[in-house]
Amino acid sequence: MKRTYVMPLLVLTLICVIAAASLALMETATRPIIIAAAAEREALMMREIIQSAADFEPIMLGDFAEIPQTIRAAYRTTNNVGYLFIAEIRGFSGTITIICGIDESGRIIGTAPLSHTETVGIGTIIETTDFLTPFEGNDISLDGIDAVTGATITTRAYIEAISDIFIAFEEIRG
């Protein structure tokens with residue numbers, strides 16, 4: 001009687017160990033590819049947001065005391081066109097990574113979500129031109145920018161991240 005339970009248990013355990021090892025190997029093999037693709041997308045979006053930038057030089061965020069924790073990276077254009085920020089904030093379904101360019105006068109050049117896991121059809125409104133266009137040319141006041149009903153948590157998070165980007169911009173610019 002005891003033997004009838006042991007063999008299936010051993011087989012099932014072996015299957016689980018093999019499946020877990022296969023998943024671990026696959027993750028290890030694909031991680032560099034995923035990281036490289038994300039870095040490439042980020043670089044392309046940087047060029048798309050501030051098209052007139054000659055190049056970008058990173059800003060060391062640790063040199064500033066009042067940078068919000070949502071700011072992951074900041075760059076200054078080498079030809080003094082503006083600044084570019086990357087922020088991460090919690091949305092409804094997970095982390096939203098945002099890229100935003102601000103010109104020297106403190107107006108948004110452009111903004112876009114780099115990545116997110118928001119609900120398709122509701123939270124994905126942050127990808128639409130209807131949502132993103134009002135940000136362009138706007139300043140720290142974010143006049144006319146409101147959360148969207150039905151996607152309130154996602155759109156409020158996006159707006160909050162843009163506000164944090166302006167705080168970082170003011171801190172960096174001095």
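Buried here means under 20% relative accessible area. Keep that cut-off in hand for one residue in this predicted model.

That residue is Leu142. Its relative accessibility is 8%, so Leu142 counts as buried. It sits in the loop between helix H2 (129–132) and helix H3 (152–173). Now the backbone. Most residues other than glycine have a negative phi. Leu142 has a positive one, near 50°.

Asn80 also has a positive phi, about 55°, and is not a glycine. Is Asn80 buried or exposed? Exposed, because its relative accessibility is 52%. Asn80 belongs to the loop between strand E2 (71–77) and strand E3 (82–90).

On to the sheet. Five strands form an open sheet, in the order E1-E2-E3-E4-E5, with antiparallel pairing. Which strands stand at the edges? Strand E1 (56–58) and strand E5 (108–115). Each has a single partner strand, so one side of each lacks a neighbour in the sheet. On average, neighbouring strands are turned by 25° against each other, direction ignored.

Look at E2 and E3. They pair in the antiparallel sense over five bridges. Ala73 stands opposite Ile86 in E3. Helix H3 packs on this sheet, touching E2, E3, strand E4 (95–103) and E5. The direction of H3 makes about 140° with that of E3.

Next, charges. Side chains of opposite charge can pair when their charged atoms come close. How many salt bridges does a search of the whole structure find? Seven. I'll take three of them.

One is Glu27 with Arg31, at 2.4 Å, N to O. Both are in helix H1 (residues 2–49), four residues apart, so about one helical turn separates them. Glu27 is partly exposed, at 36% relative accessible area. Arg31 is partly exposed too, at 46%.

Then Glu88 and Arg72, whose side chains meet at 3.2 Å, N to O. Glu88 lies in strand E3 and Arg72 in strand E2, so the pair ties together parts 16 residues apart in sequence. Glu88 is partly exposed at 34% relative accessibility, and Arg72 is partly exposed at 36%.

Last pair: Arg107 and Asp139, with their closest N and O atoms 3.9 Å apart. Arg107 is partly exposed at 38%. Asp139 is partly exposed at 23%.

And one network: salt bridges with shared partners join Glu42, Arg72 and Glu88.

Key: Residues numbered from 1 in each chain as written. Predicted model: local features only at pLDDT ≥ 70, side-chain atom pairs only at ≥ 80, totals over all residues. Heavy atoms only, no water. Helix = DSSP H or I, 4+ residues; strand = E, 2+ residues; numbered from the N terminus. Buried < 20%, exposed > 50% of the residue type's maximum accessible area, 1.4 Å probe, protein only. Pairing = 2+ DSSP bridges. Axes fitted to C-alpha atoms, helices over the stretch in contact; angles between N-to-C directions. Contact = heavy atoms within 4.5 Å. Salt bridge = Lys/Arg side-chain N within 4 Å of Asp/Glu carboxyl O.
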